[in-house]
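Thanks for coming. Please look at the structure on the screen, and I will go through how its parts pack together.

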Amino acid sequence: MRYGVLAFLFAVPLAAADSCVDCHSVLEGKLQAPAKAFANDIHARFGFSCADCHGGNRNETDPEAAMSKARGFVGKIPRTAVPERCAHCHSDASLMEKYKPRQRVDQMAQYRTSVHGKRLASGDTKVATCIDCHSVHDIREVKDPLSPVHPLRLPETCSRCHSDKTHMASYKLPTDQFANYRKSVHWEALAKRGDLSAPSCASCHGNHGAQPPEVGSVAAVCGTCHVMMEDLYKKSPHQPVFAAMGAAGCVVCHSNHEIRPPSVGMLAGPNAVCSQCHDATSAGGIAAAEMARQITSLEKALARSDQVLANAQQSGMEVSEALLRQREGREDLVKAAVAVHAFQAAAVQKPVKEGLTIAAETYQTGVSALQERTHRRLGLLASLIAIALTMLGLWLAIRSIEGRTAKTSQLTER
Amino acid sequence: MASATEPPQQQGGWLEERLGLAAIRAFLAHKTVPVHAHTLWYYFGGITLFLFTIQVMTGTLLLLYYRPSPAEAYESVQFIVTRVQFGWLIRSIHSWSANLMILSAFIHMFSVVFLRAFRRPRELTWLSGIALLGLALAFGFSGYLLPWNTVSYFATKVGTDMAAAVPVVGHNMARFLRGGNDVGGATLTRFFGFHVAVLPGITTMLLLAHLALVQKHGMSSPRWAVEEYRRKGQSVPQMPFFPNFFLRELMAWYAALGVLGSLAAIFPWELGLKADPFAPAPAGIRPEWYFLAPFYTLKLIPSHVLVFEGELVGLAGFGLLALWWVALPFWAVDRKGVERTRWVTGAGVVLLAYLATFSALGYWR
């Protein structure tokens with residue numbers, strides 16, 4: 001309570017010290033909006049004021065003096081000058097250390113290498129600058145869910161420009177990336193499962209140094225997360241062929257933004273991606289069909305075990321150890337899917353074989369549990385019959401005793 | 001060389017001489033049970049005793065394999081139900097029997113209330129019975145944690161948190177129960193000690209006292225049955241305890257055994273997942289059914305009632321309710337010795353309705 005009063009007494013004069021906010025708060029429309037929004041800005045929280053970006057003197061109550069050009073007042077900052085203005089502080093390691101010691105200070109250097117930065121330097125003011133992604137006047141920390149660059153909101157923020165056909169027309173860029181991304185496994189992980197580590201635009205394209213991955217670097221970009229796949233792909237017969245063709249590695253089979261959940265259907269069947277290049281009778285076609293067959297056999301075996309174990313579990317049988325083994329079997333299935341990137345049937349065979357052994361074992365456990373359930377119920381039936389017979393015997397004994405007692409009473413009465 | 005002065009033993013005389021069985025036979029021959037329209041309810045005391053005996057026997061068998069430590073408790077129960085011959089049956093019977101015993105004890109208690117069997121001079125029989133019910137609930141609470149699975153771990157956390165909300169002594173009481181600041185290995189060891197040593201010891205003594213009091217005062221006949229037969233110029237008919245009532249009770253025990261075996265075989269008691277103290281509490285965590293009514297009531301009470309914490313108000317309310325219920329034989333008659341029949345019946349009906357409704361709501365909502 002005591003601290004609350006002190007805070008109030010000091011807060012009033014401190015708040016009154018920023019004449020920019022004081023005056024603009026009582027104005028209307030777009031002159032008022034920045035002052036209102038600034039209350040939520042991370043910079044306001046650290047004691048920065050409008051004057052730190054716009055120049056002028058926050059301590060002057062006279063508007064003329066406060067917004068004097070002699071005091072460096074610039075008013076609206078030109079778009080071309082925005083990155084440099086932000087970098088004034090954000091590239092200053094000694095200043096940033098006071099507020100955010102762990103934050104990087106190379107954003108401006110990276111931005112200059114980005115497509116956005118290069119175009120801005122050449123005078124194109126339609127490209128994104130800091131404020132287009134981070135917002136302006138109500139800039140929040142990246143971890144703040146209301147920030148436009150929070151992982152959950154970033155794809156939508158990028159799409160504001162990149163899905164705008166008018167905006168993108170002059171760059172001759174497609175505008176379906178966001179729509180495609182929303183069909184991908186990455187979007188599902190990010191938006192539906194709330195996995196903030198799931199990749200979004202910046203994970204592959206970079207954030208401040210944003211640019212599309214080149215054909216040769218796609219595998220490296222995907223490989224930052226999918227390490228084992230990248231490793232196998234690099235050693236595979238596909239790598240030199242795709243490189244020679246100028247095809248972008250992973251994208252050839254998985255596409256770029258619309259990355260669907262991988263399935264056996266990609267290897268064999270009417271929609272198989274392998275069949276786009278390999279004839280069914282060719283060595284590649286045969287290998288793809290064999291890999292599909294092996295993986296399908298493991299999927300089916302695990303599903304069969306799942307079913308019998310679920311039945312046993314629903315009957316109250318203790319099969320938790322077998323269910324844990326099933327997880328190991330599923331891991332083998334994942335390993336088999338990873339091994340596909342070696343594009344050799346033999347590589348897939350090892351994890352499939354191990355998985356099939358586990359599936360056979362768990363299936364047997366499930367079957368034994370169901371047999372045990374039947375034995376238990378038969379045992380119960382036998383026990384219930386024995387109990388019923390005993391109860392019948394007791395009832396007859398009671399009748400006999402009470403019958404004798406009744407006769408004796410009658411005789412006594414006579 | 002045999003002594004010539006010793007008289008030859010008669011048949012059965014050896015035991016008779018040492019145990020005095022004639023006195024027991026004479027006692028049994030004279031002990032009777034009233035026969036009226038509600039004699040059926042007399043069986044529930046015996047059924048509760050029978051289920052307690054099952055608990056002792058199956059619990060002793062479980063002790064042969066159970067290990068009371070966080071690292072081994074879950075695994076040892078898993079071993080019992082998967083590897084030990086008939087281990088699943090013993091564990092399942094132990095768990096089902098515990099629940100049926102508490103159900104049977106509740107039925108016994110309400111039958112005593114509605115038949116007014118707590119009347120003078122049976123006040124101490126009522127008090128010892130209520131204490132035994134409390135001990136049965138304590139058995140349930142302490143035994144629930146022993147498999148060390150997720151549900152039992154978090155239910156114990158919630159339960160001991162409630163104890164901590166009691167003013168003045170709450171913090172120390174929770175610490176005593178947990179053996180530390182939080183539910184952990186020390187709690188498991190402690191609960192195991194309570195479950196297999198402390199509670200059985202106290203229960204055995206109290207049970208003997210309860211049975212002795214029942215023997216001393218005999219079975220109570222309801223007032224209305226006494227009046228009904230008095231009008232006819234008769235007394236309430238009696239049935240010899242042995243063998244007539246005893247054989248009927250035996251039949252009831254066999255029926256209970258059949259129900260118990262069926263439940264254990266068709267719905268084996270689940271083991272669940274091993275407790276992980278670092279994992280978040282799973283959704284929908286709730287205690288055993290006999291704690292559901294107070295649990296759900298506490299959920300409904302707002303966080304603050306006037307200036308008091310809601311949980312504290314709830315616990316104080318339950319404390320007063322329990323005290324009022326324990327004191328039933330003392331407020332059931334007025335100063336002139338006239339029975340407050342309507343009050344007792346009303347209180348019994350309201351309490352029964354509250355327990356049934358709130359337990360159902362706690363289970364389904």
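I start with the core. The largest nonpolar core has 69 residues, and those with the most contacts inside it are Leu51(B), Met101(B) and Trp148(B). A nonpolar core here is a set of buried Ala, Val, Leu, Ile, Met, Phe, Trp, Tyr and Cys residues joined through C-beta atoms within 7 Å. Buried means that 20 or more other C-beta atoms lie within 10 Å of the residue's own, with C-beta atoms placed from the backbone; exposed means 12 or fewer, and partly exposed is in between.

Before going on, note that this is a predicted model: local features need pLDDT of at least 70, side-chain atom pairs count only at pLDDT 80 or more, and totals for chains, interfaces and linings use all residues. Residues are numbered from 1 along each chain as its sequence is written, while chains are lettered from A and ligands numbered from 1 in the order in which they are written.

Domain 1 (27–222 + 236–279) and domain 2 (286–365) of chain B both contribute residues, so the core lies between them. The domain bounds come from an automatic or database domain assignment.

Leaving out residues up to four places away in sequence, Leu51(B) touches Ser97(B), Leu100(B), Met101(B), Ser104(B) and Ala256(B). Contact means C-beta atoms, placed from the backbone, within 7 Å.

Back to α5. The axes of helix α5 (residues 87–114) and helix α15 (residues 341–364), both of chain B, come within 9 Å and cross at roughly 155 degrees. That makes α5(B) roughly antiparallel to α15(B), a term used for angles over 145. On the α5(B) side the contact is made by Phe110(B), Val113(B) and Phe114(B), and on the α15(B) side by Val344(B), Thr345(B), Gly348(B) and Leu352(B).

Next, the other chain. How many residues of chain B are in contact with chain A? There are 21, and they meet 17 residues of chain A. Of the chain B side, 13 residues come from α11(B), the largest share.

Last, chain B as a whole. Its secondary structure comes to 15 helices and 4 strands. Of its 365 residues, 32% count as buried.

Definitions and conventions
Axes fitted to C-alpha atoms, helices over the stretch in contact; angles between N-to-C directions. Helix = DSSP H or I, 4+ residues; strand = E, 2+ residues; numbered from the N terminus. Parallel < 35°, antiparallel > 145°, perpendicular 65-115°, else oblique. Contact = placed C-beta atoms within 7 Å.
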